[in-house]
Amino acid sequence: SPCGEEFQGSKPFSEPETQALKKVCEENNFAAAMNFHSYGGMLTHPFNWAERPMLAAEDLRIYREIAEVFGWPKFGPAIQTVGYTAPGESDDWMYSAHNIISMSPEVGPESGDFWP
């Protein structure tokens, strides 16, 4: 439903916000991106649509290093962190379409309500 919290749009880039993000990525040569979320105390990375981890070994080492340096004890794709898949997540598109090391730090605790 378009009013639901998890609405993914009617098709890829159907919403103005995702169209704007796509344009910014296509007009720049980003090496890395962080898409901040506000619940969970974890770091998610591609591929969030998949039911099992699928990153190339070299890129997985990069994400592991980032998690270690910044102190994220819980990190991985959505299935490993939040327990479900997340099709349409921007990290997946940035990584697969533009080779951007993209991740979503979930700031704030995993209990209670959204933060801040």
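Predicted model: local features only at pLDDT ≥ 70, side-chain atom pairs only at ≥ 80, totals over all residues.
Colleague: Thanks! Which strands stand at the edges of the sheet?

Modeller: The 4 strands form an open sheet with mixed pairing, in the order β1-β4-β2-β3. An edge strand here has a single partner, so one of its sides is left without a neighbour in the sheet; that applies to β1 (32–34) and β3 (75–76).

Colleague: And what is the bridge partner of L43 in β4?

Modeller: Strand β2 covers residues 42–44, and it pairs with β4, residues 101–106, in the antiparallel sense over 3 bridges. Within β4, the partner of L43 is P105.

Colleague: Nice. What angle does the direction of helix α4 make with that of β4?

Modeller: Helix α2 (residues 57–70) packs on the sheet, where it touches β2, β3 and β4, and its direction makes about 35° with that of β4. Helix α4 (residues 90–98) also packs on the sheet, touching β1, β2 and β4. For α4, the angle with β4 is about 165°.

Colleague: One last thing: what share of the residues of the protein chain count as buried?

Modeller: The cut-off for buried is under 20% relative accessible area. The accessible surface of the chain comes to about 7,500 Å², with 55% belonging to carbon and sulfur atoms. Of the 116 residues, the buried share is 32%.

Terms used
Residues numbered from 1 in each chain as written. Heavy atoms only, no water. Pairing = 2+ DSSP bridges. Helix = DSSP H or I, 4+ residues; strand = E, 2+ residues; numbered from the N terminus. Contact = heavy atoms within 4.5 Å. Axes fitted to C-alpha atoms, helices over the stretch in contact; angles between N-to-C directions. Buried < 20%, exposed > 50% of the residue type's maximum accessible area, 1.4 Å probe, protein only. Areas by Shrake-Rupley, 256 points an atom, 1.4 Å probe, with all protein chains shown as cover.
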